[in-house]
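Thanks for making the time this morning. I would like to walk you through one structure, going from its sheets to its helices and ending with the ligand.

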Amino acid sequence: MPLTPAQARAHADEVRETSVTVLKGLIPIETIDTWNAAFGPLLAGSVRREGDNPNRGPHRYYVTLPFHGLWADPAIMDNDAIMAVVEELVGADGVMCQLASDTPLMGSEHQELHRDTQLLFPESGVETPPYQLAVNFPLIDVTDDTGPMEYAPGTHMLSKEEGMRRIAGGETPLVRAYMARGDVMIRDVRHIHRGTPNRSLTPRPMVVAGYSRRWLNRPEVNIRVPADVLVALPERARRWLRHNPVFETRADADRAEESYRAFAY
Ligand SMILES: O=C(O)CCC(=O)C(=O)O
């Protein structure tokens, strides 16, 4: 269901103010369940390669999604409601630069509190409007048991020191991001946040699609786009993908692994 311009603005304003907005029940649950079933083998491959101490913390896996088949579904990658909010925040000339997933398993721990990006002018103490967003949706329901992300609202507009001070003093609480299958979160990744332990036996995959202002280069991520997938996408999706490498075949696109190492800002 598309958003009206006023609804899109209200969601964008919520991100500007708190760092997070949720579009509830946006993606059909059947689609999510199909993604979750297809995700199993990708996760198993990462667990085999990386063992139980991968780069996002123990028993926590960052898995890049191949950009073809169901993973490149335009109903999600070119979703009118998501794009309306994203365009409000980073401009209609922005870029999509990341498609991956974060999955804590049983045995995962609290991550350090961190932000996912550097500030643009860290020495200035002045925060800018948004320039880097994550669009997240879980492949299972996120409850206390399955390891909800915790975030500190408003800290995207503060220095790390000030944000940490407010969290430590209880002035800014850590909010647990409970989500049901089908919910989509759009967040400003400058907010201070952390992954929490998944205490269940079920992996908790969280898809992450990254969107940025057109001038932001994020060398740590990209989307390796097969040419046949690109030409079949709607014009808006092709435009948002324009800075990513394009490959003649899907096998070539799948070959290189993105190396998104654990770093915390
Ligand atoms: O998956 C989550 O709950 C958060 C993970 C996270 O913040 C990270 O890996 O940087």
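Let me begin with a definition: two strands count as paired here if DSSP finds at least two bridges between them. Please also keep in mind that what you see is a predicted model.

With that criterion in hand, look at the open sheet of three strands, whose order is β6-β5-β8 and whose pairing is antiparallel. Its edge strands are β6, residues 175–176, and β8, residues 193–194, each of which pairs on one side only. Between β5, which covers residues 150–151, and β8 there are two bridges in the antiparallel sense, and Y151 is found opposite H193 in β8.

The other sheet I want to show is also open, with six strands in the order β1-β7-β4-β9-β3-β2 and antiparallel pairing. Here β1, at 20–23, and β2, at 60–64, stand at the edges with a single partner strand each, so one side of each is left without a neighbour in the sheet. On average, and ignoring direction, neighbouring strands of this sheet are turned by 25 degrees against each other. Within the sheet, β3, residues 95–104, and β9, residues 206–212, pair in the antiparallel sense over seven bridges, and A100 stands opposite V208 in β9.

Now to the helices that lie across these strands. Helix α2, residues 29–50, lies across β2 and β3 and runs at about 120 degrees to β2, while α1 lies across β1 and β7, the latter at 184–188, and runs at about 150 degrees to β1.

How do α1 and α4 pack, and at what angle? Helix α1, residues 5–18, and helix α4, residues 80–90, pack at about 55 degrees with their axes 8 Å apart, and the two are therefore oblique to each other. The crossing in which α1 passes α4 is right-handed. As for the residues involved, A8, R9, H11, A12 and V15 in α1 meet A84, V85, E88 and L89 in α4; sorted by class, this contact has six nonpolar, one polar and two charged residues.

Finally, which residues surround the ligand? They are R56, D102, Q111, D116, M149, H193, G195 and M206, and by class this shell has two nonpolar, three polar and three charged residues. To tie this back to the sheets, H193, which is part of the ligand's surroundings, is also the residue that Y151 stands opposite in β8.

Definitions and conventions
Residues numbered from 1 in each chain as written. Predicted model: local features only at pLDDT ≥ 70, side-chain atom pairs only at ≥ 80, totals over all residues. Axes fitted to C-alpha atoms, helices over the stretch in contact; angles between N-to-C directions. Helix = DSSP H or I, 4+ residues; strand = E, 2+ residues; numbered from the N terminus. Parallel < 35°, antiparallel > 145°, perpendicular 65-115°, else oblique. Left-handed = near helix turned anticlockwise from the far one by under 90°. Contact = placed C-beta atoms within 7 Å. Nonpolar A, V, L, I, M, F, W, Y, C, P; charged D, E, K, R; others polar. Near = placed C-beta within 6 Å.
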